[in-house]
Amino acid sequence: MTTAPATPLRLGTRRSALAMAQSGLIADRVRELTGRPVELVEITTYGDVSREQLAQIGGTGVFVSALREALLRGEIDFAVHSLKDLPTAEPEGLTLAAIPRRADPRDALIARDGLTFEQLPSGARIGTGSPRRAAQLNAWARSSGLAVETVPIRGNVGTRIGYVRSGELDAVVLAAAGLSRLGRIGEATEILDADHVLPAPGQGALAVECAAADAEMTALLAGLDDPHTRAAVTAERSLLAALEAGCSAPVGALADLLGDGQVVTEMRLRGAVGTTDGSTLVQLSTTGPVPASPDQAADLGRELAAEMLAKGAAGLMGERAL
């Protein structure tokens with residue numbers, strides 16, 4: 001007697017090459033964990049079809065809502081997002097079931113002629129769709145005596161790199177993790193040190209989301225979760241949420257887990273917020289014991305945000321009501 005084949009699990013993903021690559025990684029992990037087939041269900045989001053600049057159409061959330069609606073309607077069993085695309089507020093009816101081990105969170109420079117940032121010529125044009133990157137790149141340029149122009153761009157990874165290859169721009173800045181997942185990290189001319197450019201909160205991490213009411217799926221996906229990554233990104237996103245309430249400037253954040261190589265003993269959280277021209281940048285850090293729970297990690301983020309707001313972050317790019 002033959003047993004009927006297991007029903008495939010439906011993984012919702014955006015259609016971009018990067019989203020498909022990321023979802024493929026998670027699909028492979030889920031197949032290994034469960035022995036069940038996984039099929040990718042391609043979903044088009046507003047962020048994929050709009051040609052407007054991300055900062056104008058709302059930034060976070062524009063790549064997420066269509067996937068979340070499909071989850072809530074039961075059209076897919078789980079969804080994979082870039083964690084940095086997720087709004088900080090958890091939506092009703094959904095749960096962040098797993099945050100797998102994060103890839104390199106840093107940004108990467110792809111410049112013409114193999115140049116590093118500090119080797120760029122005066123007046124170099126650097127493409128980025130991120131006000132966060134623009135603020136920190138401009139601040140770094142000012143401190144190094146460089147004159148650069150940040151140019152807003154959109155498009156997939158190939159399109160952005162094409163601006164450099166065609167000579168339209170001198171360089172572009174992209175997430176190192178995305179380049180790695182597409183097999184293109186070899187094209188980076190420099191991985192940007194977080195001392196100069198802090199990444200977006202959650203950058204390099206993936207988020208696996210499912211319906212909160214689906215206890216079986218939640219338990220199944222929990223096997224993908226990496227507790228250290230979850231603690232780090234929870235602190236970063238808590239910092240972001242607290243700053244979003246008090247300030248409209250772009251935010252960079254990175255939580256590093258520190259130890260002797262064998263045992264992780266501390267977590268350092270760094271935050272940066274500034275004006276996009278780089279003229280003002282508030283950068284602070286705090287170090288404490290590794291959080292024992294997500295609540296403790298969130299507390300660390302809120303504490304650093306409060307210090308940053310007190311140091312002037314709230315006055316950048318127009319103050320928001322708290």
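Here is a quick tour of a sheet, an aromatic pair and a helix in this structure.

The model is predicted, so local features need pLDDT of at least 70 and side-chain atom pairs count only at pLDDT 80 or more, while totals for chains, interfaces and linings use all residues. Residues are numbered from 1 along each chain as its sequence is written, and side-chain values use heavy atoms, with hydrogens and water left out.

Let's start with the sheet. It is open, has 5 strands in the order S7-S6-S8-S5-S9, and its pairing is mixed. Helices (H or I, at least four residues) and strands (E, at least two) are DSSP runs, numbered from the N terminus, and two strands pair if DSSP finds at least two bridges between them. At the edges sit strand S7 (148-151) and strand S9 (190-191), each pairing on one side only.

Helix H5 (residues 131-144) lies across S5, S6, S7, S8 and S9, at about 175 degrees to S7. Contact here means heavy atoms within 4.5 Å. Axes are lines fitted to C-alpha atoms, for helices over the stretch in contact, and angles run from 0 to 180 degrees between N-to-C directions.

Next, the aromatic rings: a search of the whole structure turns up 1 aromatic pair. The ring centres of Phe117 and Trp140 are 4.2 Å apart and the planes are at 20 degrees, so the pair is stacked. Rings of Phe, Tyr and Trp (its six-membered ring) pair if their centres lie within 6.5 Å, and planes under 30 degrees apart count as stacked, over 60 as edge-to-face and the rest as tilted. Phe117 is in the loop between S5 and S6, and Trp140 is in helix H5, 23 residues apart.

Buried means under 20% relative accessible area, exposed over 50%, partly exposed in between (1.4 Å probe, protein chains only).

| Residue | Relative accessibility | State |
|---|---|---|
| Phe117 | 0% | buried |
| Trp140 | 5% | buried |
| Thr229 | 7% | buried |

Finally, helix H1: Ala19, Gln22, Ser23, Ile26, Ala27 and Val30 are buried there, while Ala17 and Glu32 are exposed on the other side. After H1 comes Gly35, with a positive phi near 75 degrees.
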